[in-house]
Amino acid sequence: KRVLNLDGTNSFVELPPHLLDGLQEATIEGWVKWRRFSGWPKVFGFGSGENAVGLMAANDTNRIDLVVDDKVNPWVGVGIGHDNAMAAGEWVHVASVFKTNGATLFINGRQVDYNPNLLLSRVRENTENALGSGGSGVGSFLDGQLDEVRIWNTARPEAHIRDEMSKSLTGVEPGLVALWNFDDGTARDVTGHRHDGILRGH
């Protein structure tokens, strides 16, 4: 099975705009392997300019953070996270679950943090979206690998996340907005919804 390899220098996946439009609830999940934790290497970023939601390793450490930036300098926003969440060179499953009453972070199928103020509605536009970096390839790049990245239009329960995180989905599952499994060497959306990504810096 193929995975997406990212070099931590300038490679990322540019995703289409408006992937999160109209979603009051959502789940963004996938497998990630960090080779190193330099800066704030992102798994994903959705937003526009300084206003974005992202999942990342935090500030040169093996802490995983899910953060909504209202603005970056000076920083205003809200986040959740978990210390010592993974080890360099090892696969870890991460799931960000958004509801209208807050967001929950799951690591390897287990809830690790929650914040009622972390809402998708804080992200006003999602016209700059990416995997492996911030939107449009800004911020710290991921030096590592990604696989089986999914967006759902529902807040997935913990049991469903755990039951399906190690399965390869077909793309026709109910509620699945997009699925990038990188099996054909591209960032094609397997669901047929045509949310195909573009490999940059490869």
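What follows is a series of selections, each with a note on what is there.

The model is predicted, and local features are reported at pLDDT of at least 70, side-chain atom pairs at pLDDT 80 or more, while totals for chains, interfaces and linings use all residues. Residues are numbered from 1 along each chain as its sequence is written, and side-chain values use heavy atoms, with hydrogens and water left out.

**First selection: threonine 27**

Select threonine 27, which lies in strand β3 (residues 26-34); strands (E, at least two residues) are DSSP runs numbered from the N terminus. Threonine 27 is buried, at 0% relative accessibility; buried means under 20% relative accessible area, with a 1.4 Å probe and protein chains only. Its side chain reaches the backbone oxygen of threonine 154 at 2.7 Å. Show next the residues in contact with threonine 27 (heavy atoms within 4.5 Å): beyond four places in sequence, they include Ser96, Arg150 and Trp152.

**Next: tryptophan 152**

Display tryptophan 152 together with arginine 156, whose charged end sits over the tryptophan ring, 3.7 Å from its centre. The criterion is NZ of Lys or CZ of Arg within 6 Å of the ring centre and within 35 degrees of the ring normal.

**Next: aspartate 143**

Move to aspartate 143 in strand β12 (residues 143-152). Is aspartate 143 buried or exposed? With a relative accessible area of 11%, aspartate 143 is buried. Its side chain and that of arginine 36 are joined by a polar contact of 2.7 Å; such a contact is a pair of N or O atoms within 3.5 Å, where within protein one must be able to donate a hydrogen and the other to accept it, and residues adjacent in sequence count only if both atoms are side-chain atoms.

**Next: the aromatic pairs**

Two aromatic pairs are counted, by the rule that ring centres of Phe, Tyr and Trp (its six-membered ring) lie within 6.5 Å; planes under 30 degrees apart are stacked, over 60 edge-to-face and the rest tilted. Select phenylalanine 12 and phenylalanine 141: the centres are 6.1 Å apart and the planes at 45°, so this pair is tilted. Phenylalanine 12 is in strand β2 (residues 12-15) and phenylalanine 141 in the loop between β11 (128-131) and β12, 129 residues apart. Both phenylalanine 12 and phenylalanine 141 are buried. Then select phenylalanine 44 and phenylalanine 46, a tilted pair with 5.4 Å between centres and 50° between planes. Phenylalanine 44 and phenylalanine 46 are likewise buried.

Definitions and conventions. Helices (H or I, at least four residues) and strands (E, at least two) are DSSP runs, numbered from the N terminus. Buried means under 20% relative accessible area, exposed over 50%, partly exposed in between (1.4 Å probe, protein chains only).
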